[in-house]
Amino acid sequence: MPNKELKPCPFCKSKIEMVIGFQGIIFFKCQNREDCGAIVSFDNRNFYKQKPIEVWNRRADNDFN
C-alpha cells in the first residue's frame with residue numbers, strides 16, 4: 001500500500017485498497033464488499049501520466065483554481 005493516504009469510497013465512505021492488476025492496470029477497490037463493493041479504474045492515457053493516488057483523491061467539490 002502506498003504511503004499517501006487514500007480518501008474513502010465516494011459511495012459509502014469505507015476504506016479503499018489500491019490494487020495493481022493484470023498488465024499493470026491500477027484500480028481502487030472498496031473494502032465494504034457487502035453493501036458497496038465498488039471497483040474503480042481510470043482507463044485512459046492521461047491517468048498514468050499523473051499520480052494515481054492524487055487522481056483517486058480528487059473529488060467534484062475540490063477547488064480547481
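Analyst: A residue counts as buried when its relative accessible area is under 20%. The model is a predicted one, and by that cut-off Asn 57, at 12% relative accessibility, is buried. Asn 57 belongs to helix α2, which covers residues 52–57. Although Asn 57 and Leu 6 are 51 residues apart in sequence, their C-alpha atoms are 6.3 Å apart in space. The side chain of Asn 57 also has a polar atom that lies 3.1 Å from the backbone oxygen of Glu 5.

Turning to the cysteines, the structure holds 0 disulfides. Cys 9 is in no disulfide, and the nearest cysteine sulfur, that of Cys 36, is 3.8 Å away; with 1% relative accessibility, Cys 9 counts as buried. Cys 12, by contrast, counts as partly exposed because its relative accessibility is 26%. The closest cysteine sulfur to that of Cys 12 is in Cys 30, at 3.5 Å, which is too far for a bond, since a disulfide requires the two sulfur atoms to be within 2.5 Å.

There is also an open sheet of 3 strands, in the order β1-β2-β3 and with antiparallel pairing. Its edge strands, each pairing on one side only, are β1 (16–20) and β3 (39–41), and neighbouring strands are turned by 25° against each other on average, direction ignored. Between β1 and β2 (residues 26–30), the antiparallel pairing runs over 5 bridges, and Met 18 has Phe 28 in β2 as its bridge partner.

Notes: Residues numbered from 1 in each chain as written. Predicted model: local features only at pLDDT ≥ 70, side-chain atom pairs only at ≥ 80, totals over all residues. Heavy atoms only, no water. Helix = DSSP H or I, 4+ residues; strand = E, 2+ residues; numbered from the N terminus. Buried < 20%, exposed > 50% of the residue type's maximum accessible area, 1.4 Å probe, protein only. Polar contact = N/O pair within 3.5 Å; in protein donor to acceptor, adjacent residues only side chain to side chain. Pairing = 2+ DSSP bridges. Axes fitted to C-alpha atoms, helices over the stretch in contact; angles between N-to-C directions.
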